[in-house]
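Here is a short report on one chain. Please look over the sequence and the fold before reading on.

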Amino acid sequence: MTEQFRNMETKETVLSGKNIAVVGASSGLGYSLAEALSYEGANLYLLSRTIQDRSLPFGGTRIPCNLRDPESITNAFATIDTSAPQLDILVNCAGIGLTKALHETSYDEIINTLATNLEGVILTSVEAYKRMLEFGSGHIVNVSSTTGIK
């Protein structure tokens, strides 16, 4: 648990009771955001390939989701449908980066990065948007890294 949230109690906020899916919740910014949202009283749906393997100091429904697999994404949102009458917010925080020089990067590494960082975001957004349209409301937040800017 991050130091900032160590002694906090859940509080009533505008996010209390909102159904929020956080993609990439097992590590990095997605993990930190999910932790912060848990203290805001949100109902969390934590999506990640490795979410079942993580020990989390906060609650939420853990849903395995591989962004490189469209069927996995569809199944993840079907799981959310079984317990949430409405999806209020989707936060896309998952992503992978390549740290080697472009000329040393293989075609498979490029395709894997695009499948995760671009296709995964698009497909999760489509799934969330379909549900939000049904209720006439919702928010999609896509988080990106500045790692590639040099």
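Is Leu15 buried, partly exposed or exposed? Leu15 is partly exposed, with a relative accessible area of 21%. Buried means under 20%, exposed over 50%, and partly exposed in between, with a 1.4 Å probe and protein chains only.

This is a predicted model: local features need pLDDT of at least 70, side-chain atom pairs count only at pLDDT 80 or more, and totals for chains, interfaces and linings use all residues. Residues are numbered from 1 along each chain as its sequence is written, and side-chain values use heavy atoms, without hydrogens and water.

Leu15 lies in the segment before β1. Leaving aside residues up to four places away in sequence, Leu15 touches Ile20, Leu37, Glu40, Gly41, Ala42 and Ile89. Contact means heavy atoms within 4.5 Å.

Now to helix α2. Helices are DSSP runs (H or I) of at least four residues, and strands (E) of at least two, numbered from the N terminus.

| Side of α2 | Residues |
|---|---|
| Buried | Ser72, Ile73, Ala76, Phe77, Ile80 |
| Exposed | Glu71, Thr82 |

Helix α2 (residues 70-83) packs against helix α3 (residues 107-135) at about 30°, with the axes 10 Å apart. That makes α2 roughly parallel to α3, a term for angles under 35 degrees. Axes are lines fitted to C-alpha atoms over the stretch in contact, and angles run from 0 to 180 degrees between N-to-C directions.

Note on methods
Angles under 35 degrees count as roughly parallel, over 145 as roughly antiparallel, 65 to 115 as roughly perpendicular and the rest as oblique.
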